[in-house]
Amino acid sequence: FRELKHLRKLNLRDNFIRNGSNLWWGKYLSLYNLDLSGNKLQGNFPDSLCANLFLRELILSRNNLFGSINSCMGNMISLRLLDLSENQFNGSFPSLLISNLTKIESLVLSSNEFQGMISLCVFANLSRLSELDISFNHLEVDTEMMSQVNITSKLTILDIFDNFLRGTLPEDINLNFSELRHLDLSGNSFNGNLPMFFSDQLQMLDLSNNQFQGEIPYSINSTMSCLLHLGLSRNNLTGDLFPKNSSLPNLRSLLLNNNRFSGTFPYALSKSMKLRIIDIQNNELSGELSSYLPVLPKLKILVLRGNQFEGQLPVKICQMRDLHVLDLSENDLSGDIPDCVDNVTSWLGRSENAVTCIQDGSRNGTVFTYKGERRIFEAGFSILMGIIDVSCNRLAGKIPIQMTRLKGIIILNVSNNLLTGQIPSSLVNLENLERLDLSHNNFFGVLPHELVGLLFLEIFNVSFNNLSGMIPIANQFVTFSSDSYLGNPDLCGQPLSIKCNGSTETPPIYARAEKSVSIMYFAVLI
């Protein structure tokens, strides 16, 4: 490399370079761009890099560098882009050094161990700075200083996710940062009311996981027509969601879960026809869901669990043909399951079909119950699975035959309802099913032995029904414990201690099946 005297750009990313000092960086005085990300570099910030005063882009992310930033970095005044993310740099935040980088446009210091108090004024005075990401550190930001100093920043991206920020946000934050497109202050300890005004150019606003209180400001509902992602989940916000005259025409994802919002489902979202994700779970919303839920043709995820919605399951769901995840559990819904569910085409195909969601940059996901555990699915994930969870309501009637055609479903949970009838043997058609929960209903009759054909089934629960006869004993059903069958006194066979017909022998119907399988195996072997 030393012979390449006119080298301008050097990209050695994603290799196994361990010792950067082996490369005599001071020799490359003509180098403009250097990318050593994704290597195994260890130790402190390489001193030799500081000798290159013409370096414009320096990317050292995803290495094992540690310690404080070398003071000589302040001499690299030509830097436009500096990315030191995903290392182990620590100590006080290098505010003084960064203030010397007057030409810096993009500064990414996320996922390190910087600590202490900093002032955003340092960054606001960098007139060319448009992207600032200091998320995943241990920083405290002096927001009071922001409200006292007359600063105007050209920042378009401000990301301070997961730090120790506290206090209230300035009411005039839109004046300080009028050109912001992306603002992520989630995962901190902000409190008080939300600012009355934000930049009307914002496309991504995430204030989740804080301690904000009060209502959503009218400006968010009316003037932020560019907004693509709105995340206010896990705060203490109250009041109605959106008034009827709200307009968010470009909104793709709406995450407002775990607050104390009241009122009905916001019908104003009928103007947001580009919505892909709605997560308003664990609030205090009520009213007849079927009267307020609009048809949103591009919706992929609808999570309304843990509210007080009532009335029938909305038939409008059948018109949202791209819906993948439906979670209406823990409400007060009643009536039958609509027999039009097979109109949702995404539930008919295989669950691994790729679906491209809006890449909104949010790190705060949507929580589902998956395989018996609470899981977080990121807002920008690209592969969705079919999930239907209507548990803990007052649904009645039978499982519609149309539901047994949904081959793209991997989770079906109808537990804790008033469903009745026999369990359909055609559920075996749900060939990708991994979890089936029919517990705490009024199902009766025998367990269809055809269900042993569900070869991917990991969790199965039919407890507390009125089932009778022998439990199927093949394939995945060998793995289920007695907890899956509790509260059905007329069921018998393994894994229960109740024997069938006073004997542990296999009943004739299963004996014939096992004999047929043996004969077929022997024939194939020959």
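Analyst: The torsion about the S-S bond of C50 and C72 is about 50°, so this disulfide is right-handed. The two sulfur atoms are 1.8 Å apart, where a disulfide is taken as a pair of cysteine sulfur atoms within 2.5 Å. The pair links distant parts of the chain, 22 residues apart: C50 is in the loop between β3 and β4 (57-59), and C72 is in the loop between β5 (64-67) and β6 (81-83). Strands here are DSSP runs of E with at least two residues, and helices are runs of H or I with at least four residues, numbered from the N terminus. Both C50 and C72 are buried; buried means under 20% relative accessible area, exposed means over 50%, and partly exposed lies in between, with a 1.4 Å probe and protein chains only.

This is a predicted model, in which local features need pLDDT of at least 70 and side-chain atom pairs count only at pLDDT 80 or more, while totals for chains, interfaces and linings use all residues. Residues are numbered from 1 along each chain as its sequence is written, and side-chain values use heavy atoms, with hydrogens and water left out.

A search of the whole structure finds three disulfides. Another of them is formed by C318 and C340, with sulfur atoms 2.0 Å apart. The link of C318 and C340 is right-handed, with 70° about the S-S bond. C318 lies in the loop between β25 (308-312) and β26 (325-327), and C340 in the loop between β27 (332-335) and β28 (366-370), so the pair ties together parts that are 22 residues apart in sequence. C318 counts as buried because its relative accessibility is 5%, and C340 counts as buried at 14%.

The remaining pair is C492 and C500, joined with an S to S distance of 2.0 Å. The link of C492 and C500 is right-handed too, with 105° about the S-S bond. C492 is buried, with a relative accessible area of 11%, and C500 is buried at 7%.

With bonded cysteines counted along the chain, the disulfides follow the pattern 1-2, 3-4, 5-6.

C226 counts as partly exposed at 28% relative accessibility, and C392 counts as partly exposed at 32%.
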